Amino acid sequence: MTIMSKIDLPQGTLDLLVLRVLNSGEMHGWGIAQRLELLSHGALKLQEGTLYPALYRMEAKGWIVPEWAQSENNRRAKYYRLSKIGRKRLEEAQQSWDRLTGVVATVLNNA
Amino acid sequence: MDWLRQLRFCLFSLFRRRQLEADMAEEMQAHLDHEIAANRAAGMNEEEAHQAAHREFGGMEQAKEHARDQSRFVWLEQCLQDLRYAFRQFSRNPGFSLCVVLILAIAIGANTAEFALTHSLLIKPLPWPQADRLVYVYNTAANYGWPLGPISVPDYLDRRDRTDCFANATLFKTVFFNCSSGSSPQQVLGLQVTPSFFSTLGVAPIQGRPFTDAEAVSGKDKVTVISYSLWQKQFAGSDDILGSDLHLDGESYRIIGVMPEGFLSPNISLFGVNNLNAQVWTPYAFTKTAMSDQWRSNWSSWMIARLKTDVTVEQAQTQVDIVQQRNAARFHSKSVSRQEGGFGGVIMGYREQNVQHIRPTLLILQAAVGLILLIACANIGNLMLARTIARSRELSTRIALGCGRLRLARQLFTESLVMVAAGGALGVLLGYWSLELILRMAGQSLPLGQIIAIDNTVVGFALLLAVGTGVFFGFVPLISLRQPHPSKALRYGGTRVSAGKSIAMMRAVLIVTEVALALILLAASGLTLRSLVNLHHVPTGFTTDRILTAKITLPVTEYKAGHDRSSFYTEALRNIRALPGVISASAISHLPFGDESISSDYTIRDQVSGKSSPGRNAQIKIVDPAYFQTMHIPLRRGRFFSATDSADATPTVIIDRFLAQRCFPGRDPIGQQIKCPDRTPAGNRWCTIVGVVGEVKTASLAKDVVKETLYFPLVQRPGAFIAPSMTFVLKSMVEPTALSATLQKTIQQIDPSLPIYDVHTMDERIADSLTEYRAPTILLVAFGTAALALTIMGLYAVLAYLVNQRTREIGIRIALGAQARAILTMVVSQGMKLTVIGIVLGLTASFGLNRYLQSLLFGITANDPMTYIGAACLLMGVAAVACYLPARRAAKVDPAVTLRTE
């Protein structure tokens, strides 16, 4: 099981993953990390130094909107949800990812 | 659009920094808490859960740091951080920073002031439209020592009408009017001008109109155009100024125009430069006689012309020469003196005429301030290098701790930039103040003094200098960042890291250059200083001790007859002589170092043979008999004027020794006769020579007397040569200026409407005449001193640092038994070696460069060895002192203290 650090995972891809997770509903930072780890079957264990900068960057760009609320542990935590723009960006990112992987796969298969 | 939102977010974050920090801390803490809770749920105990959570999290602070970077302008905040750090550095090392700022301020200030002068005088266009087409047209009598002189009306008419090169031309005369409008009578400078004056210069009145040709006729010429400042001051800027009257010299002039504010009126006088601006302009009416050939020798007016486009000065000069040749052919027989004198016409550009004397000085000064800047840069470079070395340990430590080299470089750069910015700002301020000072001291004597100012171009230049030096020095400390491994600096311990060889070489080169440049400037200022002293010792031919002079003009309307004038002067002098404190008093028409003399041809008649032969051209002065005694002009033969030389007696004349030697070599001139025609009947009589007096310098201490002088008694020729003004000369017992108020009162007791003006002591006048030598001397001495000061500071600072570096080594030496003297010698010789090399270099350079200085020198050659030896000794002495102080500190080092501490 490889532990992905910041260097390996391209920045755009991390954004895509986070947006995808938030698509299903709003979540706080730890929750996002857990979900990603779960979805990747343990392969993706994000360092907080990777996750939070990405979250703040997307917040600055207006893709996600933060809100403070009580978490399941009765702890005050910052929840994020997708904005309209975020939803659009998610679609765009997904499409370009599909295109990219499709092209790469084609080339690798035919080479 | 994302970036726009990001920008907005970052901007808002600037103001919510604290809130954001709190939020981030809480969010991260919440993350940790969730992780701990999950761990506990998985079965770990409290302690294990915490540890595991923290391990997972990684470095909290680093995470925060990365996270922070997303929400702020990283570069802006880093800049602010750099600035804060830079200021902290300054407060820790105030001496060093102050040194750098001051040195830079002096250099930039000097350059700013000098550039303001050069730009205003040599580069900036003059304040008339297309002023580069304007020229002065002179007469010249080069062989008589009159390279440039005024012209006569017939000359003007010839040159205007018989040539093809001028689009427009004007003739004018300087006149001092007694203006009695307003509360008290005052002197007003005016110009009598042809109507073409305004169109030639290209400036029209803002109100009213210029003169018409009909008004330039005697009888119709009582109209005037006034200046803006006169309108504001005398008439309070009243709206119905046109048509009001102005009383000049007792007559009423109707005001028909007002010139724009700041209009610069040409005004020249050959004695020094007169920067008073004309306040009134009246028409110059040409009478029939004035235009006739008889008045050809009456050189009393100035001509300015505007060249046609495409006509060069040389072409115009050729045309004027042709006119002059034709005239010479016509008047050949009548004027031997013209040919002998080398008479001709000379054309000179307007700016050229004004700045030709000052240009060499300005260029030399420009070079001098350039040198100052170089010295200052060398100094600052040295200082910065030394300090960078001292900081190398600190810098290496920071690199080892993970600071990016680029970040460090940017910070060092910012530090230098801040210092240089402060120095530059202070420098511009200094430049402004020193220019004000220069203008106040010498503004009257600088040509075109009214237009010297700091304008946008000069400010731009100063800023450019500051930025240039800033960028340059910003890079100096970065040398120390070159090394790939900071370990070397860290290993050698303490701040006593000695510099690499290349840096030591650079430092030596810088000091040597400083010393060489300082020597060049010192030698130059020494030379000019000695020539000034030489000039002051030149004998003038008369006494200057406690002599007060004052001018007065008698208006022609009230004092029509010559008899009126002479009786006024006689009465005035009688009253003046009765004043307490006056040893003797007299009057003269054209004071030496005061007014240009009128000159005229003269004829000599031999007593024995009765044959008359033409002489040459002489200066004519009308004097009150007591003049020679008042001025202590020695009598060589014969006698002075006395009461016997009355209006009805035989006409007499006194000549000077120059004329005697020229026209009567080996003979006794007493009793011979001279005729000097003027336009009065008295002028055509033969005058008998009754005395020979010593020659007198009249305009320049530096030049020898080349023209003879004739003196006539006032009562015999009171109207001669149309000079209604005389200068009173008083020899005073006390400080002469104390008498000026009493003098004014005495005059006003006789005629209340007469002011005296141009009141100066003889010493002041002579000092004024030396301005063209004094101005460069003052400036060179000032800059030489600045260079000396900079060199000392530089030497001292560098040696102090070196001593500081080697404190440990010196401590060891002393502990091992070295004497204080040995330490002293060691340090001092280090500095002096460099000084001597610098002096030798400087001497060599000086010998090459100083011939450009020769035109400013008098009585001394540019390679005078005494001056160089003196400058070298001064520099050595001063350098020795600069080296001695840190050396003394080195010798006092307590080995016990230094060996124990870092």
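**Close-up views of chain B**

**View 1. An aromatic cluster in the predicted model.** Tyr627(B), Phe628(B), Phe640(B), Phe641(B) and Tyr711(B) are joined into a cluster by ring pairs, where rings of Phe, Tyr and Trp (its six-membered ring) pair if their centres lie within 6.5 Å, with planes under 30 degrees apart counted as stacked, over 60 as edge-to-face and the rest as tilted. This is a predicted model, in which local features need pLDDT of at least 70 and side-chain atom pairs count only at pLDDT 80 or more. Residues are numbered from 1 along each chain as its sequence is written, chains are lettered from A in the order in which they are written, and side-chain values use heavy atoms.

**View 2. The edge-to-face pair of Tyr138(B) and Trp302(B)**. Over all chains the structure holds 22 aromatic pairs. In the pair of Tyr138(B) and Trp302(B), the centres are 6.2 Å apart and the planes stand at 85 degrees. Tyr138(B) lies in strand 1 (residues 134-141) and Trp302(B) in strand 10 (residues 302-307) of chain B, so that the pair links parts 164 residues apart, strands being DSSP runs of E with at least two residues and helices runs of H or I with at least four, numbered from the N terminus. Tyr138(B) counts as buried at 1% relative accessibility, as does Trp302(B) at 4% (buried means under 20% relative accessible area, exposed over 50%, partly exposed in between, with a 1.4 Å probe and protein chains only).

**View 3. The stacked pair of Phe628(B) and Phe640(B)**. Because their planes lie at 5 degrees, with centres 5.4 Å apart, these rings count as stacked. Phe628(B) is buried at 0% relative accessible area, and Phe640(B) is buried at 18%.
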